[in-house]
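Hello,

Please have a look first, then read on for what was found.

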Amino acid sequence: MEEKKITSENEEMLNIKNLVVHYETDEALVKAINGIDLVIKHGKAHGLVGETGAGKTTTALSILNLVPDPPGRIVSGEITLDGEKLIAELPLTDEEREKLKAEGKLPPCAPAKTEREFEHIRGDKVAMIFQDPMTALNPVMTVGDQIAESIRLHQGLDRAAAAERAKEMLELVGIPGIRANEYPHQFSGGMKQRVIISMALACNPRLLIADEPTTALDVTIQAQVLDLMRELRDKFDMALLMITHDLGIIAEMCDEVSVMYAGRIVEHGTLEDIFDNTSHPYTQGLFNSIPNIEDRKSDLKPIRGLMPDPANLPAGCAFCPRCDYATERCAVEKPDKVWLSDTHCVECHLYQQGDTAKKL
Amino acid sequence: MVKYALKRLLYMIPVTIGVIFVVYLIMYLTPGDPVALLLGPDATPELIEETRAALGISDPFFVQFFNYVINLFTGHFGTSWYTGNDVSLRLFSAIPYTLILTILALALALIISIPMGVIAAVRQNRPADYAVSLFAICGVSAPTFWVGIMLILLFSVYMGILPSAGVDSWKSYILPSITMSFNLLASITRTQRSSMLEVLRADYIRTAKAKGVSNRIAVYYHALRNAIIPSITVAGINFGTLMGGSVAIETVFAVPGVGRLLSDSIKIHDTPTVIGCMVFTAITVSIVNLIVDMLYAAIDPRIKAQYLKGGKKS
């Protein structure tokens with residue numbers, strides 16, 4: 001039934017189903033992503049919020065099949081981009097499936113495209129903006145060359161035409177085209193991030209993945225970069241996966257939000273669902289950690305404790321050790337997904353058994 | 001940039017004078033009388049005194065030193081105390097052998113070590129990497145003269161395909177240049193491997209891949225240009241060692257180059273020839289260092305910017 005749903009809904013730009021990614025080293029098995037589902041519709045902006053280490057960047061890299069391997073491995077799940085399978089589960093008979101389930105193993109998956117096909121998708125259909133503009137540009141290439149490289153790869157323009165187009169892209173993000181011949185060290189941090197944005201947009205991607213695009217920037221520059229991104233998104237009508245730990249950015253930029261914790265999406269919904277009808281104790285904790293502008297004297301209420309070591313996740317709900325509402329059941333049993341409305345779902349025992357009325 | 005290069009060339013003058021001073025001082029303080037060596041045990045004291053005066057050895061140290069430097073700047077390397085010939089004659093006939101040998105060794109080291117380092121880094125923790133690392137460790141730890149002797153045993157004695165000594169044809173350069181490059185080759189390989197490993201994990205490589213650049217281009221174009229700088233540094237630093245190694249190698253392979261001339265001259269306490277050899281070595285090493293710095297600037301625009309800035313100030 002699920003299969004049908006995916007193929008029929010071709011308004012989906014991206015569909016991630018039950019994705020599991022592990023980092024396997026000699027010392028430990030790090031379970032970075034433990035079965036997440038994520039859907040982004042064409043032209044929509046989806047926010048992915050969570051602490052450092054929650055698996056946000058790994059999710060983004062999985063879409064491009066760029067999880068560093070070794071040690072990273074996409075263990076299970078499916079990724080579909082605009083109707084085309086990128087990562088697909090290997091075909092299994094029902095018997096084999098039952099057997100795997102009985103052994104507690106996950107159905108194996110493999111890239112459904114060759115490395116060469118992925119190269120054509122990267123930078124063309126899906127582009128990515130990285131967190132740290134200081135290190136994301138090659139220090140020995142001019143910024144113009146770095147932008148033009150992607151244009152030449154995907155649009156088959158010759159060197160001169162690509163260089164010309166690179167200049168246009170720079171001007172689009174507010175940098176004089178003449179600076180195309182300069183090197184990254186000649187730009188400030190905010191300017192570098194603009195260069196990276198222009199590089200990502202150079203081939204009109206249908207999906208832009210922005211991995212904490214403003215985290216490394218000054219607050220004043222953050223607002224500029226966000227404005228620029230919003231403006232360009234409207235202009236190019238592309239879908240956006242905005243990865244951040246800043247709920248303010250989500251509120252400004254996104255239509256839907258997924259809250260990620262220890263490799264799982266613990267709450268998902270529209271902007272209204274998450275901001276006005278916050279359900280998961282972790283999401284509530286995130287909101288409580290935001291400084292209150294009206295009452296500057298009020299203490300911050302940080303979430304106590306730290307995120308569990310992804311190499312050693314608790315048996316039950318991963319948030320259980322830090323949760324103020326944890327019950328005995330939380331410690332032993334993983335919560336299933338509970339739909340609170342058509343758009344809003346949460347993974348928490350507090351909402352199980354259809355007991356949606358029980359508000360925190 | 002040109003201004004910077006010229007400035008560096010001018011710096012070579014004080015460096016050379018410094019080298020001459022140190023070597024002259026060492027030769028001056030070294031026990032043993034060159035004249036006694038020259039004239040043999042039967043010489044009369046009068047003859048020895050006469051010869052000393054004729055060679056200028058009886059002058060005080062600083063007079064000797066200044067005379068030598070002044071002569072050098074008028075283009076005279078002095079005359080050998082031992083043969084009485086102009087030093088420059090023997091020196092200039094020896095230079096080509098050493099230059100060919102060092103350039104061959106350097107080229108061989110670079111051509112082999114950089115791809116090996118890259119391959120080891122790309123295939124980290126796989127058999128190719130282990131093989132390269134093992135080779136590099138052997139190369140770093142094996143003494144040069146021993147490698148030379150082993151190569152002679154293998155290729156000249158057992159297989160008989162390459163000459164073991166002397167310089168008769170291009171074949172004669174093969175074994176000495178391989179021997180000479182061995183240490184350098186191994187240390188550049190190690191450097192290249194570790195710098196490549198670091199660069200391959202850099203964010204900008206991920207950016208390049210996210211743009212759709214193929215793995216090969218990401219490695220050989222985006223990463224290599226950044227990762228090659230430490231290797232050039234190692235090559236530059238070790239060039240001096242390479243020149244010094246020519247003493248052992250030219251002796252083992254009986255190549256009539258500067259290294260052999262130097263070791264022969266030291267044995268007979270022939271100060272003018274020793275200093276002539278040292279001046280050649282000092283100038284060559286300085287030039288190579290200059291080339292290395294120019295290469296940095298050509299590869300890395302950040303370093304170039306520093307040079308340009310420095311040039312403006314002066």
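To start with one pair, Asp37(A) and Lys337(A) form a salt bridge, with 2.9 Å between the closest N and O atoms. By salt bridge I mean a side-chain nitrogen of Lys or Arg within 4 Å of a carboxyl oxygen of Asp or Glu. Asp37(A) sits in strand 2 (residues 29–41) of chain A and Lys337(A) in strand 12 (residues 337–339) of chain A, so this pair ties together parts that are 300 residues apart in sequence. Helices (H or I, at least four residues) and strands (E, at least two) are DSSP runs, numbered from the N terminus. Asp37(A) is partly exposed, at 32% relative accessible area, and Lys337(A) is partly exposed too, at 35%. For these words, buried means under 20% relative accessible area, exposed over 50%, and partly exposed in between (1.4 Å probe, protein chains only).

Before the rest, a word on the ground rules. This is a predicted model, in which local features need pLDDT of at least 70 and side-chain atom pairs count only at pLDDT 80 or more, while totals for chains, interfaces and linings use all residues. Residues are numbered from 1 along each chain as its sequence is written, chains are lettered from A and ligands numbered from 1 in the order in which they are written, and side-chain values use heavy atoms, with hydrogens and water left out.

Over all chains, a search of the whole structure finds 22 salt bridges. One of them joins the side chains of Arg165(A) and Glu168(A), at 3.5 Å from N to O. Both residues lie in helix 6 (residues 159–172) of chain A, 3 residues apart, which separates them by about one helical turn. Arg165(A) is partly exposed at 21% relative accessibility, and Glu168(A) is partly exposed at 44%.

Another salt bridge pairs Glu252(A) with Arg230(A), whose closest N and O atoms are 3.3 Å apart. Here Glu252(A) belongs to helix 9 (residues 247–253) of chain A and Arg230(A) to helix 8 (residues 219–236) of chain A, so the pair ties together parts that are 22 residues apart in sequence. Glu252(A) has 42% relative accessibility and counts as partly exposed, as does Arg230(A) at 25%. There is also a network: salt bridges that share partners join Asp82(A), Glu84(A), Lys113(A) and Lys125(A).

Now to where the two chains meet. How many residues does each chain bring to the contact? Chain A gives 26 residues and chain B gives 21 residues, with contact meaning heavy atoms within 4.5 Å. About 2100 Å² is buried between chain A and chain B, and carbon and sulfur atoms give 61% of that area. Buried area is the accessible area (1.4 Å probe) that two parts lose on being put together, summed over both.

The rule finds 1 salt bridge across the interface of chain A and chain B. Glu149(A) and Lys211(B) form a salt bridge, their closest N and O atoms being 2.8 Å apart. On the side of chain A that touches chain B, the elements giving two or more residues are helix 2 (56–63), strand 7 (126–129) and helix 5 (143–155) of chain A. Helix 5 of chain A supplies the largest share of that side, 5 residues.
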